[in-house]
Amino acid sequence: MVQVGTPPVWSRRRVEPAEAPDRTPWRTDHPLLGCDYNPEQWPREVWQEDVRLMREVGVELVAVNVFGWAEIQPAPERFDFGRLDEVLDLLHEHGIGVNLGTGTASPPPWLTTAYPQVLPVAEDGTTRWPGGRQAWCPSSPVFRELSLELVERVASRYGRHPALRLWHVSNELGGHNALCYCDASAEAFRRWLRERYRDIEAVNQAWGTSFWSQRYGSFDEILPPRLTLSTPNPGQALDFHRFSSEELLAQHQAEAAVVRAHSPLPVTTNLMVTAHQRDMDYWDWAPHLDVIANDHYLDHRLADPAAELAFCADLTRGLAQGRPWILMEHATGAVNWQPVNIAKQPGELLRGSVAHLARGADALCFFQWRASRQGAEKFHSAMLPHAGTDSATWRETIELGTILRSLPDLAGTQVSAQVALVFSYENWWAADAPNRPSELVVHLEQVHQAYAALRAAGVGVDVVRPGAALEGYRVVVVPHLYLVRDSEAAVVADFVADGGHALVTFFSGIVDEDDRVRPGGYPGAFRDLLGVTVEEVHPLAEGVVLPLEGTSGGTVRRWTERVRLDGARAHRRLGAGPLAGHPAVTVHEHGTGRAWYAAADLDPDALRALVEEVLAGAGVDPEPGAGPLVEVVRRRSVPAGSGPDFLFVLNHGPDPVLVPARGTEVCTGQDVDPTLEVPAGAVRIVRLAAEEQS
Ligand code: GAL
């Protein structure tokens with residue numbers, strides 16, 4: 001019997017193989033259809049039907065053992081792989097590849113009963129209990145030990161199973177437990193700070209602790225930013241975010257190391273590049289994954305869900321450094337975790353899936369295969385809904401499988417863009433911190449607005465991290481980049497000096513990496529580039545809308561600034577309010593390039609008009625036919641000319657559209673020349689004629 005609170009002895013008996021096997025990179029020679037499969041929820045008879053129907057729809061990659069811990073280790077010293085062996089063999093017999101979960105996502109009840117210290121603790125000191133999922137503290141040494149023991153068993157058993165295609169570490173690491181405030185986390189946070197700063201005085205400097213009598217005498221006095229009476233120290237909160245992201249990455253790395261010692265196959269974990277996850281800095285995570293995999297669910301509560309999907313797909317491609325990536329989860333229909341779970345309209349499943357494909361995914365997987373009958377997700381959609389195969393969902397899923405099978409030469413093609421958009425997780429943490437000038441300004445909304453304007457203007461966008469090389473782009477867009485290092489701002493300035501065009505939006509460049517304001521006027525790090533000095537920001541009260549001066553119309557809301565021109569000229573001015581006549585948009589010739597500044601929160605049409613002007617000035621042409629309701633995206637062969645290029649057209653609108661193209665359309669098999677008609681709500685994919693390739 002394992003003693004409560006004592007790590008079990010057998011967990012230290014890990015035997016590492018002498019040599020790690022050679023790595024096999026992630027590769028697929030055609031786009032894959034896949035899903036999460038939870039056979040432990042079903043009797044064996046159902047498995048036979050499952051594999052038959054998987055073959056029918058064309059499923060080739062199945063994630064299993066994601067929540068398998070309680071099944072394969074039902075008691076501390078008992079492992080039972082019988083059912084999982086059968087499932088893997090069955091899938092293999094039917095030619096279906098396995099994306100194998102390490103199984104550590106959710107500890108079983110015996111574990112949290114024996115080791116209650118692994119349970120996460122919230123900001124207010126209250127424990128988060130088992131009974132849901134992911135009830136573990138990322139810094140818990142006990143959890144680390146026990147989870148790695150499990151991974152050792154799983155990896156050594158299945159590392160060379162013939163069905164295996166890919167390893168799936170844990171599940172959505174940090175989805176529920178990203179920030180833990182328990183004593184083990186406090187200790188780990190102090191360790192992390194010691195490594196980062198060495199000296200307590202450096203922490204005091206970085207966090208500005210001379211404010212409110214917060215000076216620390218030693219590392220031992222530091223706690224995680226637990227619930228305070230007033231606003232906690234922003235530097236402490238920012239470092240806690242950095243620390244927490246690294247703790248979860250460390251769990252991934254620890255599991256991946258065990259897997260890699262036993263198996264040559266690629267290892268990844270499903271990221272959550274969505275509007276709902278901001279706790280992990282995926283720019284730091286990405287280099288550690290053998291292939292980037294993402295989960296994305298549409299949120300109908302957002303202003304423009306289709307644009308948000310496109311942004312997430314472009315950001316995922318950015319994390320993948322342009323290489324193909326895997327959509328590890330999305331939904332055939334409604335989810336179960338929004339207040340009202342909107343079902344997809346006819347055609348929406350295809351549009352959503354193909355939008356990811358167009359933006360670089362090489363595998364499209366759904367959560368989940370068969371809709372659960374019990375548990376918290378029983379009303380979540382699935383490939384095989386409660387209604388069974390006589391359903392619109394099944395028919396549309398079959399259609400998607402057919403489209404994927406018609407694209408054998410798509411895999412490996414890539415998306416390229418002339419526009420880069422700078423996005424940073426640590427800026428997101430800092431920019432949305434309490435006590436900022438206006439809580440009406442929300443960082444992600446600002447990013448979405450800029451992205452939506454670019455998408456509506458019909459241009460492709462690469463999402464890059466601050467400091468990324470900008471060679472090869474014509475335009476860089478920097479939305480609301482409040483926190484930026486000098487070196488990162490310099491990359492944008494050098495890009496413009498060398499002939500690039502930049503559009504920076506308000507409240508950018510304000511603080512350095514320690515959240516310390518740059519003196520001398522805003523926008524701090526971008527002042528010289530933009531040729532303006534902002535003396536004071538003037539946020540607008542909720543509901544206040546001010547016109548822009550001039551006949552071209554447009555309004556601003558939420559944000560204005562008292563801008564002084566220091567070399568720039570005013571492009572648009574405020575038409576009313578206390579700052580009437582002050583610049584709202586400026587433009588500055590810098591070196592051989594041009595730097596634009598939006599000093600106010602422009603309405604979507606005014607922002608789009610500005611973006612179109614910026615793009616035209618930089619010589620970036622939109623994709624013909626593209627617009628707010630019509631996505632037109634190209635995937636090109638790499639190296640150029642080594643295979644066909646593809647043109648994806650997604651018509652989100654209520655009317656048919658015509659797009660110029662020549663080649664063969666994949667969904668209908670028809671020849672296209674010189675225009676492609678795309679019915680309302682439909683997707684079309686053209687394998688372009690050789691002379692159309694660019
Ligand atoms: C994901 C998760 C899946 C499932 C899905 C439902 O966050 O990885 O296990 O819960 O959401 O939308």
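**A Guided Reading of the Model**

Reader: Which residues line the second largest cavity?

Author: The second largest cavity is lined by P39, E40, W47, V64, N65, G68, E71, R83, L84 and V87. Please keep in mind that this is a predicted model. The volume of this cavity is about 90 Å³. Helix α3 (residues 82-93) supplies the largest share of its lining, three residues. Sorted by class, that lining holds five nonpolar, two polar and three charged residues.

Reader: What volume does the largest cavity have, and how many residues line it?

Author: The largest cavity has a volume of about 120 Å³. Its lining consists of 16 residues, and Y297, L298, A331, G333 and K344 are those nearest its centre. The classes here are seven nonpolar, eight polar and one charged. The count of cavities of 30 Å³ or more comes to ten.

Reader: Which elements give two or more residues to the lining of the second largest pocket?

Author: The second largest pocket has a volume of about 970 Å³. Of its 44 lining residues, N233, P234, A433, P434 and D515 are the closest to the centre. The elements that give two or more residues are α7 (200-207), α8 and α13 (425-431). Among these, α8 gives the most, with six residues. The lining as a whole divides into 26 nonpolar, ten polar and eight charged residues.

Reader: Is α8 mostly covered or mostly exposed?

Author: Helix α8 is mostly covered, with 23 of its 29 residues buried.

Reader: How many residues of strand β13 are buried?

Author: In a regular strand the side chains alternate between the two faces of the sheet. For β13 (residues 501-505), five of the five residues are buried, so the strand is largely enclosed by the rest of the structure. H501, L503 and T505 lie on one side and A502 and V504 on the other, and both faces are covered.

Reader: In which sense do β12 and β13 pair?

Author: Strand β12 (residues 475-478) pairs with β13 in the parallel sense, over four bridges. V478 has V504 of β13 as its bridge partner.

Reader: What is the order of the strands in the open sheet of three strands?

Author: The order is β15-β16-β21, with antiparallel pairing. Strands β15 (545-547) and β21 (601-602) are at the edges, each pairing on one side only. Two bridges join β16 (residues 555-557) to β21, and R557 stands opposite D601 in β21.

Reader: Which residues does a cis peptide bond join?

Author: Most residues other than glycine have a negative phi, and most peptide bonds are trans. Here a cis bond joins F367 and Q368, with omega about -5 degrees. Q368 lies in the loop between β9 (361-366) and α12 (392-405). The bond from Y522 to P523 is also cis, with omega near -5 degrees. P523 is found in the loop between β13 and α16 (527-530).

Reader: Where does H480 lie, and what is its phi?

Author: H480 lies in the loop between β12 and α15 (486-497). Its phi is positive, about 50 degrees, although H480 is not a glycine. At 3% relative accessibility, H480 counts as buried, because the cut-off is under 20%.

Reader: Does R558 count as buried or exposed?

Author: R558 counts as buried, at 18% relative accessibility. R558 is found in the loop between β16 and β17 (559-565), and its phi is near 65 degrees, a positive value in a residue other than glycine.

Terms used:
Residues numbered from 1 in each chain as written. Predicted model: local features only at pLDDT ≥ 70, side-chain atom pairs only at ≥ 80, totals over all residues. Heavy atoms only, no water. Buried < 20%, exposed > 50% of the residue type's maximum accessible area, 1.4 Å probe, protein only. 1 Å grid on protein atoms, 1.4 Å probe; cavity = no way out; pocket = protein on both sides within 12 Å on 5 of 7 lines; lining within 4 Å. Points joined across faces, edges and corners; volume = space filled by probe spheres on them. Nonpolar A, V, L, I, M, F, W, Y, C, P; charged D, E, K, R; others polar. Pairing = 2+ DSSP bridges.
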